[in-house]
Amino acid sequence: MKDSAHETGAAHAHDHHDAHDHHEAHDARDSHGAHDARHGASWGTAVKATLHCLTGCAVGEIVGMVIGTALSWGNVPTMVLAIALSFVFGYSFTLFAVRRAGLDLGSAVRVALAADTVSIAVMELVDNGIIALVPGAMDAHLDDGLFWTTLLGGFAVALLVTTPVNKWMIGRGKGHAVAHAHH
């Protein structure tokens with residue numbers, strides 16, 4: 001398809017546009033390499049945000065499973081505890097980071113909730129769905145290879161599923177983009 005400006009002979013100042021594009025591309029990145037909402041997020045930024053979230057989820061899941069197993073709880077209360085602790089640890093990692101950056105507690109809590117809620121929820125849905133679907137995984141004990149392979153496999157799949165969600169959210173100024181503004 002031909003450009004009507006070129007067809008009519010109208011001149012373009014390409015040098016001006018090229019310089020402007022370079023300036024916009026430079027301004028589109030924050031100090032962490034994240035793109036702003038005008039340009040979307042990079043995959044690297046999305047992976048880092050997801051790994052940050054996954055770390056909190058993994059700590060919460062494992063601590064919850066260990067506590068539930070040690071107390072001889074059933075599958076449902078153990079899973080509920082593990083999910084709750086995943087949110088607690090996931091939020092706390094962001095909360096501590098933005099508090100160190102100087103935010104007051106109320107603002108830091110709002111940032112952590114905005115940054116991590118969707119990411120943690122998707123991750124927990126995927127991870128726990130896998131654990132629930134793998135035969136015998138719910139009844140596996142901490143010293144059982146099935147427990148660890150299912151848990152780690154669930155984390156790997158959750159990483160793959162949650163990264164595009166985080167990329168989409170960060171590219172729109174949501175999710176981890178909210179926390180990056182305060183780092």
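Author: Start with contact: it means heavy atoms within 4.5 Å. Among contacts in the protein with a separation of 6 or more, 65% join residues 24 or more positions apart. This is a predicted model, where local features need pLDDT of at least 70, side-chain atom pairs count only at pLDDT 80 or more, and totals for chains, interfaces and linings use all residues. Residues are numbered from 1 along each chain as its sequence is written, and side-chain values use heavy atoms, with hydrogens and water left out.

Reader: What makes up the protein, in helices and strands?

Author: There are 7 helices and 0 strands. Both are DSSP runs, numbered from the N terminus: helices are H or I with at least four residues, strands are E with at least two. From the N terminus on, the order is α-α-α-α-α-α-α.

Reader: Why is Cys 53 called buried?

Author: Buried means under 20% relative accessible area, exposed over 50%, and partly exposed in between (1.4 Å probe, protein chains only). Cys 53 has 1% relative accessibility, so it counts as buried. Cys 57 is buried too, because its relative accessible area is 0%. Buried residues make up 38% of the 183 residues in the protein.

Reader: How do you know that Cys 57 is too far from Cys 53 for a bond?

Author: A disulfide is a pair of cysteine sulfur atoms within 2.5 Å. The closest cysteine sulfur to that of Cys 57 is in Cys 53, 4.6 Å away, so the two are too far apart for a bond. The structure holds 0 disulfides.

Reader: What makes a nonpolar core, and which residues touch the most other members of the largest one?

Author: A nonpolar core is a set of buried Ala, Val, Leu, Ile, Met, Phe, Trp, Tyr and Cys residues joined through side-chain atoms within 4.5 Å. The largest has 24 residues, and Met 123 and Ile 131 touch the most other members. Two or more residues come from each of α3 (43-70), α4 (75-100), α5 (105-133) and α6 (145-171). The most come from α5, with 7 residues.

Reader: Which residues are in contact with Ile 131?

Author: Leaving aside neighbours within four places in sequence, Ile 131 is in contact with Glu 61, Met 65, Met 79, Ala 137, Met 138, Thr 150 and Leu 151.

Reader: How do the residues lining the largest pocket divide?

Author: They divide into 10 nonpolar, 8 polar and 1 charged. Ala, Val, Leu, Ile, Met, Phe, Trp, Tyr, Cys and Pro count as nonpolar, Asp, Glu, Lys and Arg as charged, and the others, Gly among them, as polar.
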